[in-house]
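Have the sequence and the 3D view open as you read.

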Amino acid sequence: MPNSAAISHAGAIVTGHSAAARRESALPRRLLIGSALTVVGIFIVAPVALIFYSALQNGIGAYWTNLITRPATLNAIKLTLIVTPVAVILNTLFGIAAAWLIARFRFAGRTVLTTLIDLPFSVSPVVVGLMLMLLFGRLGYLGPWLQKMDWHIVFALPGIIMATTFVTLPFVARELIPVMEALGNEEETAAISLGANAWQMFWRVTLPSIKWGLLYGVILCNARAMGEFGAVYVVSGRIENQTTTMPLQVQKLLEQGYDSDAFALASLLTLLALVTLALKVWLERKTQRQLLAAATQEFTVGSNS
């Protein structure tokens with residue numbers, strides 16, 4: 001009986017210490033959560049809310065009028081909707097090829113190639129624009145030859161596409177490389193051994209396995225391409241109705257004093273970003289559910305065997 005009382009007393013002491021530890025650990029956790037929410041609220045939520053408030057403060061009718069009555073704004077929207085898909089398609093093709101090469105083969109220069117893919121992350125977009133100007137500008141290395149051929153790269157659509165593609169280059173490749181390395185090449189080898197050619201193997205084996213990682217990279221690439229400013233600012237020349245994208249048009253409208261028009265266009269760009277974010281969150285949750293289902297299935301099969 002004394003032993004039982006001692007054990008009960010010891011248990012109560014341990015329980016008391018555990019409760020005190022939980023209370024002590026709860027305070028730093030709440031402080032960190034509160035600090036994070038404060039930072040997010042000040043630097044993200046408040047500016048986004050202010051953009052929509054400024055755009056809609058005169059009503060939906062005025063908001064719609066600000067978007068569609070200015071030809072330069074409509075041309076900026078049109079140009080962005082042309083440049084972004086082209087850059088995304090080019091980066092998707094490059095990302096799949098680069099990820100397949102890096103994940104499936106070992107060759108001299110593999111590390112260098114991986115580093116070069118990450119180069120746009122470390123180089124300022126303005127520097128990218130200056131680089132394109134030095135290559136394709138009127139006084140650049142290829143400028144005289146391009147003038148003879150009557151080809152226009154900078155201050156034209158091709159230069160904007162090249163700048164946007166370069167800046168968004170790593171997103172698809174960087175999402176696919178770890179996915180393909182984790183999957184391995186056993187299924188692809190089995191498909192080849194059963195008589196499938198390279199295209200059949202890619203469409204029926206590789207692509208279904210990497211589709212969610214590919215879609216995730218495409219979503220990130222699309223979001224970055226829509227909002228690109230620095231590199232496009234340099235190579236576009238900001239020619240009204242010709243080479244002004246949505247971010248550049250927002251700045252131009254603010255400089256000209258058309259604040260309502262600028263906020264309306266900025267809100268449209270923000271809305272596209274929020275849609276992209278929603279797709280990203282949905283894709284992350286779907287991927288997590290699929291991984292959990294696959295792990296559960298493997299555990300069930302292992303237990304039954």
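Contact here means heavy atoms within 4.5 Å. By that rule, residues 24 or more positions apart account for 71% of the contacts in the chain with a separation of 6 or more.

This is a predicted model, where local features need pLDDT of at least 70 and side-chain atom pairs count only at pLDDT 80 or more, while totals for chains, interfaces and linings use all residues. Residues are numbered from 1 along each chain as its sequence is written, and side-chain values use heavy atoms, with hydrogens and water left out.

The chain comes to 14 helices and zero strands (DSSP runs, H or I of at least four residues for helices and E of at least two for strands, numbered from the N terminus). Of its 305 residues, 33% are buried, meaning under 20% relative accessible area with a 1.4 Å probe, protein chains only.

Now for the cores. A nonpolar core is a set of buried Ala, Val, Leu, Ile, Met, Phe, Trp, Tyr and Cys residues joined through side-chain atoms within 4.5 Å.

| Core | Size | Some members |
|---|---|---|
| Largest | 18 residues | L176, L214 |
| Another | 13 residues | I77, M226, A262, L265 |

In the largest core, L176 and L214 touch the most other members. Helices α3 (71–104), α9 (170–183) and α11 each supply at least two of this core's residues. Beyond its neighbours within four places in sequence, L214 is in contact with T92, I96, V172, L176 and L207.

Note on methods
Buried < 20%, exposed > 50% of the residue type's maximum accessible area, 1.4 Å probe, protein only.
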